[in-house]
Amino acid sequence: FYVPTNALWLILQLREYRQRSGDEELIGRFRERIYALLDFYRPYQNKLGLLERLPGWVFVEWSMANDEEFIKGINFPSNMLYAKAIESAGLLYSDCALLEKAEKVRSAVREYSFDGEFFEDNRVRCEGGTKLLGHITETCQYYAFFSGVATPQTYPKLFELLTEKFGATRDVRMTYPKVYKSNAFIGNYLRLMMLARSDKRTQLRQECVDFFYGMAQKTGTLWENDNPCGSLDHGFASYAANLLVGYVS
């Protein structure tokens, strides 16, 4: 049992670590491991360069985005993360081939996931090729903006829709019921990152209050889920402090 997508986050973390520390020695020591990790994914790349039918447990987040029907075949949130990890490795090691590959994956995701309004979560094999299944999650949209597949400039209508109509307080019964809601880990964090990167400070501050204040009131901690059904003292939730300090204060 293993999660094949989790290791991709290591590459992103190393890139951020170098940006903060300038520690080239550590980055160099990781080089062999990072390239070996990227080699692991090669057997699961299809002709488009997209990962397909990854083994193990493909984890996207604690929501319908992780339903078996949404994960199977070509899972697009995973490929969005894959593209960003390849790009990060290319930047870490000045590897132009990896940078080109990352953009190829992004381009394929844009072509085969976007339905004209939203990025859909997956495609499956069918006679004559592949097909979308109509599976759409809020989290998939945030992966798109987090990974660079989408930007506010390239997908302005989607960005405006997400910022104005979506978020943790959305009543999914009334507003876009066909788009499954995000959970805390990791969809709502990716949303907050999207707002931060777009310098929407007032909205970011309000959404941090809307999302985290109730948790802090009840337990004095921040949770793994948006309800008390998992860890009530989750380490990743400390990222909320970074958001508040870095973008609000």
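This is a predicted model: local features need pLDDT of at least 70, side-chain atom pairs count only at pLDDT 80 or more; totals for chains, interfaces and linings use all residues.
Residues are numbered from 1 along each chain as its sequence is written, and side-chain values use heavy atoms, without hydrogens or water. Local features need pLDDT of at least 70 and side-chain atom pairs pLDDT 80 or more, whereas totals for chains, interfaces and linings use all residues.

The largest pocket has a volume of about 580 Å³. A pocket here is an open set of points on a 1 Å grid over the protein atoms alone, where a 1.4 Å probe fits, with protein on both sides within 12 Å along at least five of seven lines; lining residues have an atom within 4 Å of a point. The volume is the space filled by probe spheres set on the points, which are joined across faces, edges and corners. Of the 22 lining residues, Glu16, Phe146, Met193, Arg197 and Tyr239 lie nearest the centre. Helix α1 (6–21) gives the most, seven residues. Helices are DSSP runs of H or I, at least four residues, numbered from the N terminus.

In helix α7 (residues 156–165), Leu158, Phe159, Leu161, Leu162 and Thr163 are buried (under 20% relative accessible area, 1.4 Å probe, protein chains only). These buried residues pack against α6 (138–147), α8 and α9 (201–219), with contact meaning heavy atoms within 4.5 Å. Just after α7, Gly167 has a positive phi of about 125°.

The whole structure has zero disulfides (pairs of cysteine sulfur atoms within 2.5 Å). The sulfur of Cys126 is too far for a bond, because the closest cysteine sulfur, in Cys140, is 19 Å away.

Terms used: Helices (H or I, at least four residues) and strands (E, at least two) are DSSP runs, numbered from the N terminus. Buried means under 20% relative accessible area, exposed over 50%, partly exposed in between (1.4 Å probe, protein chains only).
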